[in-house]
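Me: I would like to go through one protein chain by question and answer, with the cut-offs behind each term spelled out.

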Amino acid sequence: LKPPRSQLPPLATRPPGRGSAAPPFAAMVERLAYRRHSRYNTKSNKTRLLRTPGGRLTSLVVKKKAKGPACGDCGKRIIGVPA
């Protein structure tokens, strides 16, 4: 049973969870620009956020995943060997 809405505390004091609003400090998000050749979200331009020890957010370029080793005879990928 859920308590009636009149008995619930305000959104800012509720613990985070399902159905509650985000905390007020998470409303503003720092936007980052691409730092390399392509300015668009292409396959070769994937980035992830990285927080520096100084507290700044920077973008870290993620490399493409390799195809992995293949068999010399048939050319198929070798099972169980990570790429």
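This is a predicted model: local features need pLDDT of at least 70, side-chain atom pairs count only at pLDDT 80 or more; totals for chains, interfaces and linings use all residues.

Reply: Residues are numbered from 1 along each chain as its sequence is written, and side-chain values use heavy atoms, with hydrogens and water left out.

Me: How many helices and how many strands are there in the protein chain?
Reply: Helices (H or I, at least four residues) and strands (E, at least two) are taken as DSSP runs, numbered from the N terminus. By that definition the protein chain has zero helices and two strands.

Me: What share of the residues of the protein chain count as buried?
Reply: Buried means under 20% relative accessible area, exposed means over 50%, and partly exposed lies in between, with a 1.4 Å probe and protein chains only. The protein chain exposes about 8,200 Å², of which carbon and sulfur atoms supply 58%, the areas coming from the Shrake-Rupley method with a 1.4 Å probe, where for residues only the protein chains shown count as cover. Of the 83 residues, the share that count as buried is 4%.

Me: How many bridges join S1 to S2?
Reply: Two strands pair if DSSP finds at least two bridges between them. Leu49 stands opposite Ser59 in S2, and Arg48 has Leu60 in S2 as its bridge partner. S1 and S2 run antiparallel, and the number of bridges that join them is five.

Me: Which residue takes a positive phi in the hairpin of S1 and S2?
Reply: The hairpin has five residues between the strands. The positive phi is near 95°, and the residue that takes it is Gly55.

Me: Is Asn45 buried or exposed?
Reply: Asn45 is found in the segment before strand S1 (47-51), and a polar atom of its side chain lies 2.8 Å from the backbone oxygen of Ser38. The backbone oxygen of Tyr40 lies 3.0 Å from a polar atom of the Asn45 side chain; a polar contact is a pair of N or O atoms within 3.5 Å, where within protein one must be able to donate a hydrogen and the other to accept it, and residues adjacent in sequence count only if both atoms are side-chain atoms. Because its relative accessibility is 2%, Asn45 counts as buried.

Me: Which backbone oxygen does the side chain of Arg77 reach?
Reply: Arg77 is found in the segment after S2 and is partly exposed, with a relative accessible area of 40%. Leaving aside neighbours within four places in sequence, Arg77 is in contact (heavy atoms within 4.5 Å) with Lys67, Gly68, Pro69 and Ala70. At 2.7 Å, the side chain of Arg77 reaches the backbone oxygen of Gly68.

Me: How far apart in space are Lys65 and Ala83, C-alpha to C-alpha?
Reply: Lys65 is found in the segment after strand S2 (57-61) and counts as exposed, at 75% relative accessibility. Lys65 and Ala83 are 18 residues apart in sequence, and their C-alpha to C-alpha distance in space is 7.2 Å.
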